[in-house]
Amino acid sequence: MIPPSFDYASPKSLPEAIALLSGGGEGAKVIAGGQSLMPLLKLRLASPSLLVDINRIPGLDGIEERGEYLRIGALTRMADIESSGLIREGYPIIRDAAEVIGDPLVRNLGTMGGNISHGDPNNDMPAVMLALGAEFIATGLAGERSIKAEHFFTDSFTVALGHDEIITEIRVPKHPPISGGCYLKLEQKVADFATAAVAVQVRLGEGWTCEEVGVGLTAVGPTAIKASKAEQWMRGRKTTDINAIQKFGRRAADESSPATDIRGTASYKKEVVRLLVTRAFRKSCERARGGS
Amino acid sequence: MVEPRLLLVHFLREDLGLTGTHVGCDTSNCSACAVLMDGKVVKSCSVLAVQADDRDILTVEGLAKGDQLHPVQKAFLAKHGLQCGFCTPGMLMSAYALLKGNSHPTRQEIRKGISGNICRCTGYEKIVESVEQAARSKDW
């Protein structure tokens, strides 16, 4: 219940934060919303030597469209994503996920940047970002760089960030019509980790062909998983082909590697993935066509 | 001056003597520790006291005005929204935050609004009724 001792800094600027992270070495850790990190500290599963609190740095939040992409500032709280009209109208898959992250109290503090960079395979936004083909802007001593979501999630609790780097921005490409997406999560109770969850984003072409599809899977592997083989298989097929959708669901499930635990056996979870991918795909197509 | 690792809930309870805010779990799940920070309901067990520096904190002790109970407290009494009372401070703060943002919530919205608060006694029905009753009150 009581965290181990650590030093604490609350920088007021990004360069200051980066300098602190760099100076603090291996033991320095960013704290934003703290809704993943604080539980770990309280159970003493993490022992950082220095917490760099980035909550007082201005300009890191915000949701706005910029040219070809949607910008979500890393410090944007899940509650603000949930209540954003822009996201509800244009990127409902993101709202689907925000709504099922934690509980209302968690969502008041938890941030997009934290959910992306904490590296827990149970975090929901990574799968969404994989399905959307998003990229992340990281800022460190060497300045800014952009990292594609598909290269970012390297291992459990490990992301492709240097010690001195902080995610500052999430960029979601604007999807040309006719596009739709959906996030579905099976959890045993509110704020539980997912038994399994899936993100699907689809773009439809002539005759309702699947021109492009992105699939991200949550909680069924050491990291969020991009089901790229299933995606490749589904491209070009008719979205009205029920058999194809069933096969697509199965192929996506085959790309998952869930662990047997209190939430179910590995084979049960794979079946959940198969089912959720099928449903999410159908719902994404409905949304693309202008349905619910 | 506090240690950085001091949790806000411990600061409130032990340093300030405000024991209305409760510690109900070790795992940031139960929200018995809920308080408002800058108008948003948060788990005070999952916030460091140093993070609350310069911020507005509202605890359950701050709801009543002297011995005049707040409408949400009156509603919980009227509708029997508690049994052992351990989750109640957290429930009151979540209910208060919900009603501040949405003065006429549906039952579904109420259930969602308190979905972070665990109650071992009531089965939640009376709590939902209490929040509905509080919403009907005009003296907010």
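The structure is a predicted model: local features need pLDDT of at least 70, side-chain atom pairs count only at pLDDT 80 or more, and totals for chains, interfaces and linings use all residues. Residues are numbered from 1 along each chain as its sequence is written, while chains are lettered from A and ligands numbered from 1 in the order in which they are written.

Chain B contains five helices and three strands. Helices (H or I, at least four residues) and strands (E, at least two) are DSSP runs, numbered from the N terminus. Read from the N terminus, the order of elements in chain B is α-β-β-β-α-α-α-α. The radius of gyration of chain B, 14 Å, is close to the 14 Å given by the globule rule for 140 residues, so chain B is as compact as a globular protein of that length. Here the radius is taken over C-alpha atoms, and the globule rule is 2.2 Å times the number of residues to the power 0.38. Along the principal axes, the C-alpha atoms of chain B fill a box of roughly 45 × 30 × 25 Å.

Of the 140 residues in chain B, 46% count as buried. A residue is buried if 20 or more other C-beta atoms lie within 10 Å of its own, exposed if 12 or fewer, and partly exposed in between, with C-beta atoms placed from the backbone. Two residues are in contact if their C-beta atoms, placed from the backbone, lie within 7 Å. Among contacts in chain B with a separation of 6 or more, 60% join residues 24 or more positions apart.

Helix H1 of chain B covers residues 8-15. Its buried residues are B:Leu8, B:Val9, B:His10, B:Phe11 and B:Leu12. B:Gly17 follows H1(B) and has a positive phi, near 70°.

The strands of chain B form an open sheet of three, in the order S2-S1-S3, with antiparallel pairing. S2 and strand S3 (57-58) of chain B are the edge strands, each pairing on one side only. Strands pair if DSSP finds at least two bridges between them. Four bridges link S1(B) and S2(B) in the antiparallel sense. One bridge joins B:Met37 to its partner B:Lys40 in S2(B).

Chain B is divided into domain 1 (8-61) and domain 2 (63-136). These bounds come from an automatic or database domain assignment. The centres of the two domains of chain B, taken over C-alpha atoms, are separated by 18 Å. At their boundary, 15 residues of domain 1 of chain B are in contact with 12 residues of domain 2 of chain B. On the domain 1 side, strand S1 (34-37) and S2 of chain B are the elements that give two or more residues. S1(B) gives the most to that side, with three residues. By class, this side of domain 1 has eight nonpolar, six polar and one charged residues. Ala, Val, Leu, Ile, Met, Phe, Trp, Tyr, Cys and Pro count as nonpolar, Asp, Glu, Lys and Arg as charged, and the others, Gly among them, as polar.

Two non-glycine residues of chain B have positive phi. B:His80 has a phi of about 60°. This residue is found in the loop between helix H2 (71-78) and helix H3 (88-101) of chain B. B:His80 is partly exposed, because 13 C-beta neighbours lie inside 10 Å. B:Tyr124 has a phi of about 75°. The loop holding B:Tyr124 runs between helix H4 (107-113) and helix H5 (125-136) of chain B. With 18 other C-beta atoms within 10 Å, B:Tyr124 also counts as partly exposed.

At the interface between chains, 19 residues of chain B are in contact with 24 residues of chain A. Strand S2 (residues 40-43) of chain B supplies the largest share of the chain B side, four residues. That side divides into six nonpolar, nine polar and four charged residues.

In chain A, helix H5 (residues 92-100) is mostly covered, with seven of its nine residues buried. Among them are A:Ile93, A:Arg95 and A:Asp96. The buried residues of H5(A) pack against helix H3 (78-82), helix H4 (85-90), helix H8 (125-132), S11 and strand S12 (196-204) of chain A. Just after H5(A), A:Gly102 has a positive phi of about 55°.

The peptide bond from A:Pro177 to A:Ile178 is cis, with omega near 10°. A:Ile178 lies in the loop between strand S10 (166-173) and strand S11 (179-186) of chain A.
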